[in-house]
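Have the sequence and the 3D view open as you read.

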Amino acid sequence: MNFIARLSPFRAIRDLRFFLSQRQPYELGFLALSILITTAVIAGFVADSRVEKPYKKNIIYVEQWPATRTNAEIVAQQKIDQVVRDKEKAEQLRREKELQAQFKKLDDRLKAVGL
């Protein structure tokens, strides 16, 4: 218990001030540089550690059709389903174009820098 009784923040600060007063100016410069680099690396990891939204399952259920339906009923249902498929395809193409534009913008930035 004697060891814990000697711990004090004021003593620690006084000891740190004494230690730093005994250092050469270039040593203090390297100390500041090492603290800056370490802080930058940790900040980079913190900034890059954002978590994306979890994947949501897209469950598609199969429809049951009677075996007695006619070709006209099949064609009519296909026309109805085609409208939905066209909308989904257009949305997918829009997302792909948006992603391509983002990559193009990044590529242009890298080319401007010379990479």
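What follows covers a helix, a pocket and the salt bridges.

Please keep in mind that this is a predicted model.

**Helix α2**

Let's begin with helix α2, which runs over residues 9-21 and so counts 13 residues. From its first C-alpha to its last, α2 reaches 18 Å, close to the 18 Å expected at 1.5 Å a residue. Is this helix covered or left open? α2 is hardly covered, and the number of buried residues among its 13 is zero. At the start of α2, Ser8 makes a contact to look for: a side-chain oxygen of Ser8 comes to within 3.3 Å of the backbone nitrogen of Phe10.

**The largest pocket**

Next, turn to the largest pocket, which holds about 270 Å³ of space. Its lining is made up of Ile60, Tyr61, Val62, Glu63, Trp65, Arg69, Ile74, Gln77, Gln78, Asp81 and Glu88. By residue type, the lining of the largest pocket has five nonpolar, two polar and four charged members.

**Salt bridges**

| Salt bridge | N to O distance |
|---|---|
| Glu52 and Arg50 | 3.9 Å |
| Glu91 and Arg94 | 2.5 Å |
| Lys111 and Asp107 | 3.6 Å |

Take the pair of Glu52 and Arg50 to start with: Glu52 is exposed, and Arg50 is exposed too.

The other two pairs in the table belong to helix α4. Where do Glu91 and Arg94 sit along helix α4? Glu91 and Arg94 are three residues apart in helix α4 (residues 71-113), which means that about one helical turn separates them. Glu91 has a relative accessible area of 31%, so this residue is partly exposed. Arg94 also counts as partly exposed, because its relative accessibility is 41%.

Asp107, at 32% relative accessibility, counts as partly exposed.

How values were computed: Residues are numbered from 1 along each chain as its sequence is written. This is a predicted model: local features need pLDDT of at least 70, side-chain atom pairs count only at pLDDT 80 or more; totals for chains, interfaces and linings use all residues. Side-chain values use heavy atoms; hydrogens and water are left out. Helices (H or I, at least four residues) and strands (E, at least two) are DSSP runs, numbered from the N terminus. The expected span of a helix is 1.5 Å times one less than its number of residues. Buried means under 20% relative accessible area, exposed over 50%, partly exposed in between (1.4 Å probe, protein chains only). A polar contact is a pair of N or O atoms within 3.5 Å; within protein, one must be able to donate a hydrogen and the other to accept it, and residues adjacent in sequence count only if both atoms are side-chain atoms. On a 1 Å grid over the protein atoms alone, a cavity is a set of points where a 1.4 Å probe fits but cannot get out, and a pocket is an open set with protein on both sides within 12 Å along at least five of seven lines; lining residues have an atom within 4 Å of a point. Grid points are joined across faces, edges and corners, and a volume is the space filled by probe spheres set on the points. Ala, Val, Leu, Ile, Met, Phe, Trp, Tyr, Cys and Pro count as nonpolar, Asp, Glu, Lys and Arg as charged, and the others, Gly among them, as polar. A salt bridge is a side-chain nitrogen of Lys or Arg within 4 Å of a carboxyl oxygen of Asp or Glu.
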